[in-house]
Each structure stands twice: as C-alpha cells, then as structure tokens.
Amino acid sequence: MRISIGSDHGGYLYKEELVSYLKELGHEVIDCGTDSLDSCDYPDFAYECAKLVSENKVDRGIVVCTSGEGVCITANKVKGVRCGLCYNDEVSKLTRLHNDCNMIAFGAKFFPLEDIKRWVKNFLETEFEGGRHQTRVNKIER
C-alpha cells in the first residue's frame, strides 16, 4: 500500500517512528513533512498529505499533531478525503468499517506510540463494510 504521512512539530517524533513502522510492514511511504521539531503550521503538512490521497497518488493518509484535531480538520477540507480522528481500538476499525475513511489523524500528546501503531495497523487492515454505510458515505461525498 502507498501511504502519505504528515505532521507538525507536535507530531514530528511520532511521525518519524510511524514512517519506520510502516516500512517494516512493507508499505511505501511518502513523507510530507515536517522534518524537525521547529515550530511550524500544521495545515501546510496535513494539506500536502491529504492532497495525495485526493489525487489517488496514495491509498491512505496519516496525519499527526499535538491533539490530532487541527490536522484532521485540515485534511477534511480537501475534496474526496474522509479523515477520522482516532482515540481507541474500536474507532481505529470503525473509521474504515463504517466511514470508509481514507485518512486517519492522531494526537501525539495524548496517546502512547504503541497504541497509535496498533491503531494504524487496524486502520490499514480493515476493509469498508459497505451496505447501509455506503449510502451514508455517498451523502458525505455529495
């Protein structure tokens, strides 16, 4: 799978760990930055990551900031992107099962890296359920 990933300074350390983890799992990763702990603007990096998803240049996207909120809001402004904010095991699966999310967002300040790695794996391995959920996703797209 091709995956774009981006963060601001608040998510940088987790992003770096996730890039390595995704590669270990055999995925191709496009790192949209940031490249340091220097203060920066999360919309710049979340947008670049989401744009790759929107243009079908990658299969999924992952964004990380301090809370996860800013990068999630930014990603959802890009047409064709459905980004879910993840905070537990069940939600990491439901974003795919029910919402057919093609991006997921995390808050690095509030969760251990091991949890986020598990949630990323759930997100990548879970298929969309379709059925009644497809009708709802279609409404979101319209």
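Mentor: We may begin with burial: a residue is buried under 20% relative accessible area, exposed over 50%, and partly exposed in between, with a 1.4 Å probe and protein chains only. At 18% relative accessibility, Asp100 therefore counts as buried. This is a predicted model, in which local features need pLDDT of at least 70 and side-chain atom pairs count only at pLDDT 80 or more, while totals for chains, interfaces and linings use all residues. Residues are numbered from 1 along each chain as its sequence is written, and side-chain values use heavy atoms, with hydrogens and water left out.

Trainee: Where is Asp100 placed, and what is its phi?

Mentor: As a general idea, most residues other than glycine have a negative phi, and most peptide bonds are trans. Asp100, in the loop between α4 and β5, has a positive phi near 50°. Asn56, found in the loop between α2 and β3, also has a positive phi, of about 60°, although it is not a glycine. Asn56 counts as exposed because its relative accessibility is 69%.

Trainee: Which residues does the cis peptide bond join?

Mentor: The cis bond joins Gly33 and Thr34, with omega about 5°. Thr34 lies in the loop between β2 (28-31) and α2 (42-54).

Trainee: How many helices and strands does the chain have?

Mentor: Helices (H or I, at least four residues) and strands (E, at least two) are DSSP runs, numbered from the N terminus. The chain has 6 helices and 5 strands, in the sequence pattern β-α-β-α-β-α-β-α-β-α-α. Its radius of gyration is 14 Å, close to the 14 Å that the globule rule gives for 142 residues, so the chain is as compact as a globular protein of that length. That radius is taken over C-alpha atoms, and the rule is 2.2 Å times the number of residues to the power 0.38.

Trainee: Which residues of helix α4 are buried?

Mentor: An α-helix has 3.6 residues a turn, so residues three or four places apart point the same way. In α4 (residues 89-97), the buried residues are Val91, Ser92, Thr95 and Arg96. They cover an arc of only 140° around the axis, which puts them on the same side of α4; the arc is that of the directions from the helix axis to the C-beta atoms.

Trainee: Against which elements do these buried residues pack?

Mentor: They pack against β3 (60-65), β4 (83-85), β5 (103-107) and α5 (113-125), where contact means heavy atoms within 4.5 Å.
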